[in-house]
Amino acid sequence: MTSQLNVDTIVDKAGSGGSNVKMANTSTYVSDGGNVTQNTVQGLAKVWQSTNVTTLNDSNNVSSVTDTATGKLTVNYTANMANNDYAVTMSCAIGSQVPICSPQDNTFITTSAHRCHTLISNGGAAADAEYIGSQVTGDLA
């Protein structure tokens with residue numbers, strides 16, 4: 001027989017509330033089709049940010065952003081990644097131009113930061129973006 005748990009609030013053993021309840025790194029979920037299970041923690045974004053020029057609009061696990069040169073913005077993490085083998089995805093907007101946005105190269109993906117590099121696709125000139133969004137998936141240290 002399958003069990004079902006219905007609760008309004010989860011509290012820790014001390015009864016102090018849900019803020020101390022931790023999810024084990026081994027927790028899994030079943031896919032929509034029910035055929036596959038995935039590790040819940042592995043699938044979460046560990047870092048994300050939304051930036052207008054150099055103003056941080058909203059973020060998770062980001063301590064600051066730094067304008068390092070034309071078309072180059074460094075995103076600094078609050079909590080480090082375990083290694084520099086993580087994935088970074090980005091989006092950006094440069095006025096009416098068609099933008100290209102990507103990590104600059106592997107030397108700018110470290111355990112504590114990644115760099116967003118923005119270019120205009122017609123000619124490839126570096127340009128500051130009005131908007132940059134990025135997300136990191138991988139293992140936290």
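Colleague: What should I know before reading the values?

Modeller: This is a predicted model: local features need pLDDT of at least 70, side-chain atom pairs count only at pLDDT 80 or more, and totals for chains, interfaces and linings use all residues. Residues are numbered from 1 along each chain as its sequence is written, and side-chain values use heavy atoms, leaving out hydrogens and water.

Colleague: Which residues have the most contacts inside the largest nonpolar core?

Modeller: In soluble globular proteins, nonpolar side chains tend to be buried together. A nonpolar core is a set of buried Ala, Val, Leu, Ile, Met, Phe, Trp, Tyr and Cys residues joined through side-chain atoms within 4.5 Å. Buried means under 20% relative accessible area, exposed over 50%, partly exposed in between (1.4 Å probe, protein chains only). Here the largest core has 19 residues, and Tyr 77, Tyr 86 and Val 136 have the most contacts inside it. Two or more residues come from each of β5 (62–69), β6 (72–77), β7 (87–93), β9 (113–120) and β10 (131–137). Strands are DSSP runs (E, at least two residues), numbered from the N terminus.

Colleague: How many aromatic pairs are there?

Modeller: Rings of Phe, Tyr and Trp (its six-membered ring) pair if their centres lie within 6.5 Å; planes under 30 degrees apart count as stacked, over 60 as edge-to-face and the rest as tilted. The whole structure has 1 aromatic pair. The ring centres of Tyr 77 and Tyr 86 are 6.2 Å apart and the planes are at 65°, so the pair is edge-to-face. Tyr 77 is buried at 5%. Tyr 86 is buried at 8%.

Colleague: Which way do β5 and β6 run?

Modeller: Two strands pair if DSSP finds at least two bridges between them. β5 and β6 run antiparallel, joined by 6 bridges. Val 62 has Tyr 77 in β6 as its bridge partner. The two strands form a hairpin with 2 residues between them, and Gly 71 in the turn has a positive phi of about 75°. β6 also runs antiparallel to β9, through 5 bridges. In β6, 5 of 6 residues are buried.

How values were computed:
Helix = DSSP H or I, 4+ residues; strand = E, 2+ residues; numbered from the N terminus.
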